[in-house]
Every structure is written in C-alpha cells, then in structure tokens.
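Dear colleague,

I am handing over the structure we spoke about, and my notes follow directly below it. Please read them with the model open beside you.

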Amino acid sequence: MHSLSTLSRDQAAMVGARLLAAATVSLLAVLVPSLASVVAAVAVGALAITATAVSLRWYRRRVEVALVESLVAGLIIGTAADRFPDAVAYCLVPPFVAALAARWAPVGATILVQFVFINLLTLPGWSASTFQDRLELSLPWLIIGAGVALLGHFLPHPPAAVALAGDDTGYVSARRLLAQLRTVARRLSAGLDPVGIAQQMLAETDGRVDVSLAVVLARSEGGSLQPLAEQGEGAARELTADDPIVMDAWTNESAVQRPSGSAGSTRYIRLALPLQVGVRVIGVLVLETGHTLTGAELGGLRQALSEHCVRLDTAMLFDEVRSLATAEERRRLAREIHDGIAQEIASLGYLVDTMVAEAPGGQREQLEQLRHELSRLTNELRLSIFDLRTEVSPTASLGAVLSDHVRLIGSRSGMTVHLSLAEGVKRLPVQTETEVLRIAQEAITNARKHSGARNLHVSLAVEAPHARLVVADDGRGLSVARDDSFGIRTMRERADRVGGTLRVRDRVGVGNGTEVILILADRRQQARVNTQRTVDHIA
Amino acid sequence: MATSVLLIDDHDLIRQGLRRAFERSEDFTVVGDAATLGQGEQQVASLKPQVVVIDLRLPDGSGLDLVRKMRQHVPGLGIVVLTMYAGDEQLFAALDAGASAFVPKDAPAEDVVAAARHAAVSPRSFTAPELAEAMQRRLKPTGPQLSPREREVLDLLAEGLGVAAIARKLYISESTAKTHISKIYDKLGAANRAQAIMNAIRAGLIASSAPSV
C-alpha cells in the first residue's frame, strides 16, 4: 500500500526508528544466543512490525499506538530483563514516536509506563534481580529515551506533508473515480445513451416474451414518465403513462398484469413492470403480449433487465449532470460575450459615428462602410448571445422554443421562414430535446451564414420517442466549398448521443439548396402491430 | 431650450460615445451619467432630466426595475432602453415596464438620439425599430398545429358528430376518420372527445360559441 517513497518524513522516521531498534535487539540476541534472548527478540520484532503497520493504517492514532506500544514493550523488557537485559534498547522507540507527533504529555506517559513496568516486575518473588539492579539498567536508557524524544520533537515538520498524509487514500479513490468518469465521458456515445440502453432492454424483452407492443417509460426531469424507446408501430401512443397499471406498478414496485381489449379473437395481456435499481424505481416497462406471464417468467425477465436498469439509471444521471454543466457553461459564455466583447464593439461603433459626423466628405464613405461592418458584427454577437441563451425547459417544449427561435432568426437575417410544427403532448426527454434544438440551431446558423438562401424551411414532428427534424434552404448547396464542416461534425456527434440518424445533403428535385434531416426512430422497426387496433379504442 | 439627458450604462466607452452623439445635436444637453442602478436612481432624483437612456443589464440589477420605478414616480419622463439582447422577450418587457423607446446596441448613435427625441415628445408611447415584426411573431400561434383536414374533422367533432357521420360527411372511410381523430387527440393531448374540444377551445382552434357535446 505504501511504498517508501510515498511516506512523509515523519512516517519514515517512525518506521525507521522501530525497525532499527528491533534489528538492534535481534543482533544482540544473536550475540548471546539463548532461548530467552531469542523469544524476547522475536517478541520485540513482532511488536515493532505490528506497531508500524497499525500506525501507518491509522496514522492519526499514532500517539495512542505509541502508548500501547510502551506498555507492551515495558512488559517484554521487564519479563526478559533477568536473562536478556539488552532488550531494554527498544524502550527508546515509544517516546520518540510520541515526540514526532509533537506533544509532550504522551512522551512523558510512554517513559513513565515503561519505567513502571520494567521496575515493577522486580517485586519479590517475581524476579531474581532487585529494584536497584533494574533502576541501574533502565534509568540511563529511559533518560536517553527522553533525549531521543527531544530530537524527534525538533525534527522539522513540513506542514503540507502532515496535513495530506491522513487523507491520501481519499485522494487516491477520488482520482480513480474521476478517471473513470473521464473514460465514460469520452465513450459517451458508444455506451451511455439512455435511448440505446432502452432499446437494448426492449430487444432483451423480445427475446424472452412474445411481445406485440412494448415501451420503456423513464422518469424525466419534470417528474413525469416519458417514453424512451418503443417496439411495435405506435406502441408509445398506445401504452402511455396515463394507463392506471403503470401508476400501480410504479407505486407498488411490483409487476402488474391485466387483460386489455381484444382485437378479433386474440386476447392481449398488458404488463407493467417497474424498472428498479435497488429500492428506487427509475421507470416502467409496459408491454402487450398474448398470454399471462408466470411468476418464473416474470422473475427471469426482471433478472435479465436488472443489469440494464443500472446502466439506464447511470446513463440518465450522467446525461443530467452533463447537460447541467453544459447549460451553465452556455449561460456563462453568453454573459461573458454580452458584458465584454459585444459592448466594446458597440462602443467602437459609437466612436465611428462621431468620426463620420466630423469627417470631410472623402473619408466619410469609408467610415460609413466601417460603421456598417461594426453594426453587422454587433448584430452577429447579439444573435450568438440569443443562441446561447435559448434552451428548453419543463414549461417550454422543443416545438415552442424552436418556433420562437426560427421566427426571430429568420426575420433578422432576411430569409423567409417556413415553419411547420407537429408536436404531440408527450415530450422527448429534456436532454434529447436539447440536442435536437442544438442541431436545429446549428443548421439554421449554417444556412444563415453560408448558404445565401432566400427561403428557410424548418419542420419538426415529434411523437415521442420518435422525432423528425428537417432544416432546408434554397441557397448554394454543399458542392460549393463551405467552411461549416466543423458544425456538421458537431451535429453528427449530437445526433449519435441521442441515438438519431443525421443526413446532410444537397436537396434533390427542387433546384438547389441543402437539407439537414435528423431522424430519431427505432433502428429495428418492427411492423408486427395491427394499426387497426390503434384506431379501434378511440371510437 | 435643450432637452436634458441622463445616461446610465456600466461601460465607460458606451457612455462617452453616446455623450458625444447627444452633444452633436443642438437640442440636447447631457446633464449626467451613471454606471449603476443606484447612482442612476440618485441622479434622476437630483438632476431631474427630461430623458433617461438606460441599459437593460447593469451590474447591480436589471435596468427594467429602475424603468418601472421612474415611470411610477415621474410619469412624464422620457425613457430610452438600450440592449444587447436580441430576443423579443426583452422588447416586450421594456414595453410592459413603461419605456418610451427600445434601441438595440448595434444601431448607430443617431438612432439613440432620435429615440430620445421621440421619448421627450411622447414619453407614454412606445417605439422600437423591430416592433412590427416582434408583434407579428408574437401573434402567430405556437400551440398545436392541425392540418386543414384535421381542422375539418375537429369542427365536426365539436358539432357532436360520430365517427360514421364524420366519415360520410367528408367522403372518407371510417378508419381514415378514426386515424384523423386519433391524430387530433394526440396533438391536443386529449384522451376523449370532451377533453379534445376543451383543449381546442383553449388553444383558439375553435370558437367557444361552437356547439359542443
């Protein structure tokens, strides 16, 4: 656990003193070999090693360890004194160790304890030697012990090393956690997207139970249950959080099954299974199947999903942490631009206004051009601030935010905006909405800055967990070199993160222009469901 | 007599630029400037300017709070709000707070002077370069968007027609009618007909006088 190089100076002095004393006693025992001397040397060695290990493990308690050590050392020395007096050398150690901790009372205590033990064990009937013999033996050593303690006390103490020493293990584990977090963050799109995990859960379920419709509902930031992934056409529309069995499963933390409406002659069983991590419910799996599941089948399914549940929970938590951090950073950036560079450029604009007013005719035109350019720049910064401050919230859905954004940007940029929105009431998870919004913003910015288009078509259709976003313009297409390739890469990363597919291409069949299409859908579309059933329950 | 102006902005260069712009025009005199809400409030009281030009965001709070206070205490004061923000939300907030004009900071200083001139003459009316567009943006519906066919179906639903009757009336099959109804329910966040109609009325998709179920 501790290599020598990681020991602080005090720790090294402590370990060194103990080992040196134990080695000295052992050496003296070898010089006068006898059963008593070997036993005493082994006892001293054991004491030294135990005391070293214990005080390194609980470094803050090293003074108490030294006190106990003095007691045991006194006992060993006192017992062995008649036949192996050299063991007394070890009595230097406890006062020294106590002195390293820089307090005097424990030092005195260790000396006193050893004095008492070494000399008390001479009581008549206990030992051959007299009290005076023992006094002659122990007193010089104990006085030397006090001297050594003085040395130990005045050994320089680097303050930082002392402060850190006790918490080393904490830092080590914190660092390990942070390193794991970094690894996770880097591989985010590969393993930790909630939608992907929910889809795996559905695949796992489908492998065990013959499922016609299934949906994974997870708790979103606002507290409501939102569909993360579905299997079977329209499953998320059919199996909603409004179904009482979902609430039952959620509150009772147990699976609930109930026969649902029949289609033709087939009877369907609807099952709601709480997704749990320990005692917490993080979501509900709702499915429709042809038969009632037995206890064993349910148990097996729960077992199979339990590992996915932990991953889903972690992924959602990580998503939340990441989006909190990102949102805060965006706000900070917006403030910084607003209070800094934007104001400075605006004030340069006012300065140029003065110059324009005072300039002779020839220069005026150039200055006016400069003024125009500064106004354009300021406007650009204002739009950046607006972009950075735009965000979805529990009260403002993706559709609402996007339509406000598109209209404002459109009218500021001179493009004619054609907006089409079809948004159901069920919303996507907030993190997903955020990523879709950022992709739309990026696409709109690219169209505004690089395409030279007159018309901007934005359409968004959301039917959670599915969504489709199209941002199209009628400007010059991608074939002309444009410097927005970085933006496209960012959009692609965002799409990956929410399990979406992104296409950026020249528009076909409508003359010219570019379109960006984002599709959030199940990668394994299964069309086993009879759409007629969806309609039936409405009538 | 020249109109007296007070400038409130936390950036020195902005204040200097505006001061020079006002000094260029004969009909204004800058009587003071302030960098914070606190200073601004004091100077409004002591200097009694006719027009105040104030930034929306100041180190010790929102300029709008002071706008509201000034409008309450000095009803005839001309108030020009300057902003670096681009959203409509700030424009309408300035309007609500009682400002006389709203000018973005990318506009030339002459626009600020012109806005101050307007503010001095009619402090209780509101002008902003993008007011018309912003109003238009605000009036456009942001609620559920139904297709024309869905609107028709919704109207018939509101009249109390059943699925079969709707299908007959629109010359579509019953299953198509059901699909339309399902879509409408979904877009309106309704579980049944009554809810759908209530939500549609709230969203302004049908008039509340229409007969309902």
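For the helix packing described here, axes are lines fitted to C-alpha atoms over the stretch in contact, and angles run from 0 to 180 degrees between N-to-C directions. Please keep in mind throughout that this is a predicted model.

I began with chain A, whose secondary structure comes to 19 helices and 10 strands. Of its 539 residues, 40% count as buried, and among contacts in chain A between residues at least 6 apart in sequence, 69% join residues at least 24 apart.

Turning to the interface, 35 residues of chain A are in contact with 36 residues of chain B. On the chain A side, two or more residues each come from α14, α15 (361–389), α16 (398–413), β6 (416–423) and α19 (531–536), with α14(A) giving the most, at 10 residues. By class, this side of chain A has 16 nonpolar, 13 polar and 6 charged residues.

Helix α14 of chain A (residues 341–358) packs against helix α1 of chain B (residues 12–24) at an angle of about 25 degrees, and their axes are 8 Å apart. Because angles under 35 degrees count as roughly parallel, α14(A) is roughly parallel to α1(B), and the crossing is left-handed. Among the residues that make this contact are Gln343(A), Ser347(A), Tyr350(A) and Asp353(A) of α14(A), together with Leu13(B), Gly17(B), Arg20(B) and Arg24(B) of α1(B). By class, the contact of α14(A) with α1(B) has 8 nonpolar, 4 polar and 3 charged residues.

With best wishes

How values were computed
Residues numbered from 1 in each chain as written. Chains lettered and ligands numbered in written order. Predicted model: local features only at pLDDT ≥ 70, side-chain atom pairs only at ≥ 80, totals over all residues. Helix = DSSP H or I, 4+ residues; strand = E, 2+ residues; numbered from the N terminus. Parallel < 35°, antiparallel > 145°, perpendicular 65-115°, else oblique. Left-handed = near helix turned anticlockwise from the far one by under 90°. Contact = placed C-beta atoms within 7 Å. Nonpolar A, V, L, I, M, F, W, Y, C, P; charged D, E, K, R; others polar. Buried ≥ 20, exposed ≤ 12 C-beta atoms within 10 Å, placed from the backbone.
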